Amino acid sequence: MSKPPQLLVGNWKMHGDLSANAAFVAELTAEVSGLACRAALCVPAVYLAQMQVLLSGSRIDLGAQDLSAHEAGAYTGEVSAQMLRDFSVRYCIVGHSERRLFHAESDATVAVKAQRALAVGITPIVCVGESLAEREAGQTEAVVKRQLAAVIQANGHCISEIVVAYEPVWAIGTGLTASPEQAQEVHAVLRSQLKAASSHADRVSVLYGGSMTAHNAAELLAQPDVDGGLIGGASLKAQDFLSLLKAASR
Ligand code: PGA
């Protein structure tokens, strides 16, 4: 099967404001029409309503950064999958390492969140990745497999509907990028784990994330099992994100 177009997803994290968001989208949409890759922006929940309007009719899909593991109820401050759906959210990041670290999200919680997203037709972007200590201890493969296994177990045959992002924790926001070989090695592990779980696993995009920029994107994206990128810092300026989209469209 030939590779589907690359999927590039910006993760704005806790950045943005109403006027900057509008300027960003205007700059981006002026240039994206001819690009061959798929693209999405995962924005803070409070800007979903604004971004739904700004991105409507464009080639850029709307994404969220997290969702509640609960369907509805007394969960102060949380946002449900159904609420995201109301704003035409297409993707939702689940299990980002910052949520695992700062909000103590377990593999089991991440798996339930992926389930909640799938139940309303939102594609979860399931993040997995090892810390530096785990890499140095030779545990990379075991860690990412354990993280993905929880999601596979909870989601059964729906697993072919997810997106996976391999994000080595030591590469996020640090300027250190996994080498194309290091990324490919882990992506191949994840791919075979997905294939063992579903005969439709070929359609799962496996993204790389961690200090991806226009300078290193081409080499990473050229790897056989790298299907796109999850981009933090380099998605905050329209021109930087555009350069990445262009690199992914070649
Ligand atoms: P980065 O972030 O591109 O700034 O390293 C990636 C991510 O955390 O998704």
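Which residues are the closest to the ligand? In this predicted model, the ligand is surrounded by 13 residues, and Lys13, His96, Glu167, Gly173 and Ser211 are the closest of them. By class, the shell around the ligand comprises four nonpolar, seven polar and two charged residues.

For histidine 96, an N or O atom of the side chain is 2.7 Å from an oxygen atom of the ligand. Glutamate 167 likewise places a polar side-chain atom 2.7 Å from a ligand oxygen atom. In glycine 233 the atom concerned belongs to the backbone: an N or O atom there lies 2.8 Å from an oxygen atom of the ligand. The ligand exposes 280 Å² when taken alone, and 95% of that area is buried by the protein.

Two helix pairs were also examined. Helix H1, residues 18-29, packs with helix H10, residues 238-249, at an angle of about 35°. The axes of H1 and H10 are 9 Å apart, and the crossing of H1 past H10 is right-handed. On the H1 side, the contact is made by Phe24, Glu27 and Leu28. H10 contributes Ala238, Gln239, Phe241, Leu242 and Leu245. The contact of H1 with H10 has six nonpolar residues, one polar residue and one charged residue.

The second pair consists of helix H7, residues 140-155, and helix H8, residues 180-197. The angle between H7 and H8 is about 30°, and their axes are 10 Å apart. H7 passes H8 in a crossing that is right-handed. From H7, the residues in contact are Thr140, Glu141, Val144, Lys145, Leu148, Ala149 and Ile152. These meet Val186, Val189, Leu190, Gln193, Leu194 and Ala197 in H8. Divided by class, the contact of H7 with H8 has nine nonpolar, two polar and two charged residues.

Note on methods:
Residues are numbered from 1 along each chain as its sequence is written. This is a predicted model: local features need pLDDT of at least 70, side-chain atom pairs count only at pLDDT 80 or more; totals for chains, interfaces and linings use all residues. Side-chain values use heavy atoms; hydrogens and water are left out. Axes are lines fitted to C-alpha atoms, for helices over the stretch in contact, and angles run from 0 to 180 degrees between N-to-C directions. Helices (H or I, at least four residues) and strands (E, at least two) are DSSP runs, numbered from the N terminus. A crossing is left-handed if the near helix is turned anticlockwise from the far one by less than a right angle, and right-handed if clockwise. Contact means heavy atoms within 4.5 Å. Ala, Val, Leu, Ile, Met, Phe, Trp, Tyr, Cys and Pro count as nonpolar, Asp, Glu, Lys and Arg as charged, and the others, Gly among them, as polar. A residue is near a molecule or strand if one of its heavy atoms lies within 4 Å of it. A polar contact is a pair of N or O atoms within 3.5 Å; within protein, one must be able to donate a hydrogen and the other to accept it, and residues adjacent in sequence count only if both atoms are side-chain atoms. Accessible areas come from the Shrake-Rupley method with a 1.4 Å probe; for residues, only the protein chains shown count as cover.
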